[in-house]
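I set out to look up a few local features in this structure. My entries follow the display.

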Amino acid sequence: MAARDAAADPPYGEAGQDYAQAQPQSDLLDELMRTTNQHAIVTDAPEERFRLGFFTPFLLVINQMIGTHVYIEYGLNVPRYVIEGLEQAVQRNGGDLHYLQFVYDWPHYKKDTVLLMGTLFGISFIFVRNMASTCINFGVRVLQAARPGDEPKNGEVRAIAIAAAAFACMIHVVSRRYGIWLNNLLAVVKVGILLVIIFTTLAVVGGGVHDKNGNRVPNVWMQNMDPKVAFKAPASPDGDVNNADLAQGTVTGYAASFLSIIYAYSGFEQANYVLGEMATPRRTFPRAAISGMALTSVLYMLVNISYMVVVPAYEQSNEEVALLFFRKTFSWVPGDGSADRIFNAFLALSSFGNAIVMTYTAARMKQEIAKQGFLPFPKFFGQNVDLSIGRFIAYLRASRGWRLRYLSPEQHREATPVGALLLHLLGCFVLVLATFNIKPDDAYTLLSGLMAFLSTAVFGCLLAAGILILRFRGPPATEPAKTKDYRNALAAGNAADETPVNKTWIEMTGSGIYPWLSVLSAVVYFAGNAFPLIASWIPATANFPSSTVAWWVVPTTSVMILLFATLWWLGFLAGARHRERHQQKRLIHEVWPEFEWAERTGADSADDDDGLPRHGGKILVHETTLFTWEGREMGDFDSHPRGDSVLAGEAIPPAPIVNEFANTDFEGFEIRPLRQGDANIR
């Protein structure tokens, strides 16, 4: 969501509208700046022309993937609001964060305020869900493409990783549009790379690929699929290569492999992080998620079949199977180490694509995490700032009189989550430097394992269990959305229809989600994520390829992060109780959203109240989130019947007028406010 620097829902009313129209534009902006609430996080959805269609969410999934039903079920139905008396779901940024807090809404500091589950997920996401592993792998691949056969130097790898991370964040700071375009371009390139592998394999099967000596590259599919080979420790036919000492068939080996698979296929949740930026999320999101997952799964299976057609099984345990594939099929390319260069260049592009998409989606997620209130400086990390290239172009036009024909400020000026991007970048820097004493390849394995274990498997189990809880226990009551209309109705005492609504999960999901498929998907998704969580604690009983990282590091570090998040939450509670008891202050948390129809129809579609049918449901277009500590003497907001209106700046009933001249010689004087037509008093 893009942000604007404006007052926290300023209560102008009709008189305020007249005032706004009468003010010059610059004076109005200055007034808005002066009245901005320093504790309010104000965010807007992107303008309609900048919202995401089908193609970008589709490529977001591909770019990162390269339980979907679980995420679609959550994404279409959570979170929920009562808007104008109608209980409904409204898609927004945040994905897993909102889904987990919807199901596990206790324990908490106060209702809907600083939940334990939100803190666990938020802290874990900040720690491990960044681009550190991807940027390290990018550094390795760039150096191996430049110097095939040489071991990449650790310092050079880290320097390239930091530079790549900084560039990925910078492109999303100065231009949301260019960041999305770059993501889409790299996603198409990655699909093209997979297609190159698949079509090269078809040429091998047809006998059309030769090595540098002119010999045909053999088809070893039948040899690799022979049960005598497929289910035993791989060994060469002549006995020169024997890998019987590897961890074949052990629980730990399967767990490690499963975590790698989870990491490889993670990414179908990326679109859930930016649902609030889609033009028509109800229609676009499921189509993009299913299409992206289906295409990626098919390509992955065909690529793995390609490896089995070209690379003998006994060679696959010693080196990267993809590298061996390129050496066998592209050895004819002129130049020393050309096959290695091509392979590593392809992987470098793939890793950089992961960094770009993760920066775009994870920054929006961290912005939502900041709005939960348990982080310091929530306004800085949650508010958007306009540092776009469009603002720079506008400056050049205003100060220098420059006119750039193809760069209009209006087309390139969007506020971006600068604070969240900085948090994302700092987290990446910390992990890149914290693993400096570990070999780059082992650092990549460690960091990607942490991401798969903690961010995907642990919370994947909780999400799957959440579906079962919603199906059999039922969801919580849906609360009214505190829109401007709701607050006005509350102030006028006409909010009878805006009451909490209780529905079953079947009623909420409707006919679009089959209950049996929902339960089946949740059970399978839970089992798939639970296996590596349990198996990762079983000590290795066989030798793994050489690594400087012990087998227990990933699960132990994950548990330590969860413990740290729990202590963080307990520390927040302790600090809050201390303020309440000793400083007589309490935390005020208010969220004021504004919605509009995703799709409008009819000639008068600009008016939401014209009675015409709408499509696509409501979408969130503006939100003000307030976190502030107020003294009790400022008013007990929990007991005040109109507390929401007080915080929002709505008008409240005037206090009774007290005659200050009572019991004096002037008791007969009338004290009343001035009315229109009274004489001016100066």
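Basis. I worked from a predicted model, in which local features need pLDDT of at least 70 and side-chain atom pairs count only at pLDDT 80 or more, while totals for chains, interfaces and linings use all residues. Residues are numbered from 1 along each chain as its sequence is written, and side-chain values use heavy atoms, with hydrogens and water left out.

A576. I located A576 in helix α26 (residues 553-582); helices are DSSP runs of H or I with at least four residues, numbered from the N terminus. A576 is buried, its relative accessible area being 1% (buried means under 20%, with a 1.4 Å probe and protein chains only). Leaving aside residues up to four places away in sequence, I found A576 touching Y109 and W629 (contact means heavy atoms within 4.5 Å).

α17 and α21. I read an angle of about 115° between helix α17 (residues 338-370) and helix α21 (residues 418-434), with axes 8 Å apart. Axes are lines fitted to C-alpha atoms over the stretch in contact, and angles run from 0 to 180 degrees between N-to-C directions. α17 is therefore roughly perpendicular to α21 (65 to 115 degrees). On the α17 side I noted M358, T359, A362, A363, K366 and Q367, which meet A420, L421, L423 and H424 in α21.

α7. Helix α7 (residues 132-146) has 15 residues and should span 21 Å at 1.5 Å a residue, which agrees with its end C-alpha atoms lying 21 Å apart. The expected span is 1.5 Å times one less than the number of residues. I recorded 13 of the 15 residues of α7 as buried.

Definitions and conventions: Helices (H or I, at least four residues) and strands (E, at least two) are DSSP runs, numbered from the N terminus. Buried means under 20% relative accessible area, exposed over 50%, partly exposed in between (1.4 Å probe, protein chains only). Angles under 35 degrees count as roughly parallel, over 145 as roughly antiparallel, 65 to 115 as roughly perpendicular and the rest as oblique.
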